[in-house]
Amino acid sequence: MSGCGTLTLAEIRATAAALAGRIARTPVLDWTGGEIAARLAPGTAVNLKLELFQHTGSFKARGALAVMLGLGADALARGVTAVSAGNHAIATAWAARELGVGAKIVMLASANPARIARARAYGAELVLVAGIAEAFAAAERIEREEGRSFVHPFEGPLTARGTATLGLEWLEQAPDLDAVLVPVGGGGLLAGVATAVKQLRPDCRVYGIEPTGADSMWRSFRAGSPQAVPQVSTIADSLGAPYALPYSFGLCRSHADEIVRLEDDAMIDAMRLAFDALRLVLEPAGAAATAALLGPLREELAGRRVGVLICGSNIDLATYARLVAAPPGPRDAA
């Protein structure tokens, strides 16, 4: 398949060794109790991978740091740039600070103010622009004129190696999983996790979970090639990539079994459940895998031991309260 590429266990383990001591080995939790049991099919067991406790509050730290560790000394000295609405900006700023390099990051002016503030707190210089096309154009200009290296939010071998360390780590902690559920934005997270999981446990099913209003990977699976969505419309802004790209799509297509779509209300329902049962405050993306297990995958995974990835929780309290308090229906993005 064009653009597919490969990613071996040896490469994943080498990346994990390079990241060791820099990233957090996030915990897993077997989610038991009446609140979750009442919502599952009989006999289903849930193992949560709590990546919301990663540095920067999301899995993005793994990929951003892996990319930067792959740069030469001269490239690092010139600094990095990136484009993001939030989590990737925070992760890139953090990784740059950890390595002592400069970061000039393009963010949407409409991004959550708390995410903008957090990226700045890590020392990044921010350039705020109106739209996504303008954002990528600005990053390309910075890359060209200042010689900075571009840290892509989801595409490329080094990003996949970083996210694959999550899958490796998870199966070391919970080696008996029958299935894993992984949220999908651009596909970099699913690409890495699915590749690691399938090499370690080929019979473990891997599902990508995507909002209906940002379903570029679902469309890509159906078409057999990377696709774009005409318009992104979801409260899960962390999953709102407008298109899939060849490298991450190729790994996803080779190693993920299925892409499952969700409505926004299902994610909000799962956010409420996570708070009520576990006292976890999740952004919509962080609740997507739980929502899939409680909804479209409930019967298919009945009686299985299912890994659910809580990928992040970068959300301010005002936005969180507005989302979980609102009645069902159309909403603005978080």
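This is a predicted model: local features need pLDDT of at least 70, side-chain atom pairs count only at pLDDT 80 or more; totals for chains, interfaces and linings use all residues.
User: At what angle do helix H1 and helix H3 cross?
Analyst: Roughly 95°. H1 covers residues 9-19 and H3 covers residues 60-69, and their axes come within 10 Å. Angles of 65 to 115 degrees count as roughly perpendicular, so H1 is roughly perpendicular to H3.

User: Which residues in H1 and H3 meet?
Analyst: From H1, Thr 15, Ala 18 and Leu 19. They meet Arg 62, Leu 65, Ala 66 and Leu 69 in H3. The residues of this contact divide into 5 nonpolar, 1 polar and 1 charged.

User: Switching topic. How many salt bridges in the whole structure?
Analyst: The search finds 23. One of them pairs Glu 172 with Arg 25, with the closest N and O atoms 3.2 Å apart.

User: Where do Glu 172 and Arg 25 sit in the chain?
Analyst: Glu 172 is in helix H8, residues 157-173. Arg 25 is in the loop between H1 and strand E1. The two are 147 residues apart, so the pair links distant parts of the chain. Glu 172 is partly exposed, at 47% relative accessibility.

User: And what does Arg 305 pair with?
Analyst: Asp 176, with the closest N and O atoms 2.8 Å apart. Arg 305 is in strand E10, and Asp 176 is in the loop between H8 and strand E7, 129 residues away.

User: Is Arg 305 buried or exposed?
Analyst: Buried, because its relative accessibility is 17% and the cut-off is under 20%.

Definitions and conventions: Residues are numbered from 1 along each chain as its sequence is written. Side-chain values use heavy atoms; hydrogens and water are left out. Axes are lines fitted to C-alpha atoms, for helices over the stretch in contact, and angles run from 0 to 180 degrees between N-to-C directions. Helices (H or I, at least four residues) and strands (E, at least two) are DSSP runs, numbered from the N terminus. Angles under 35 degrees count as roughly parallel, over 145 as roughly antiparallel, 65 to 115 as roughly perpendicular and the rest as oblique. Contact means heavy atoms within 4.5 Å. Ala, Val, Leu, Ile, Met, Phe, Trp, Tyr, Cys and Pro count as nonpolar, Asp, Glu, Lys and Arg as charged, and the others, Gly among them, as polar. A salt bridge is a side-chain nitrogen of Lys or Arg within 4 Å of a carboxyl oxygen of Asp or Glu. Buried means under 20% relative accessible area, exposed over 50%, partly exposed in between (1.4 Å probe, protein chains only).
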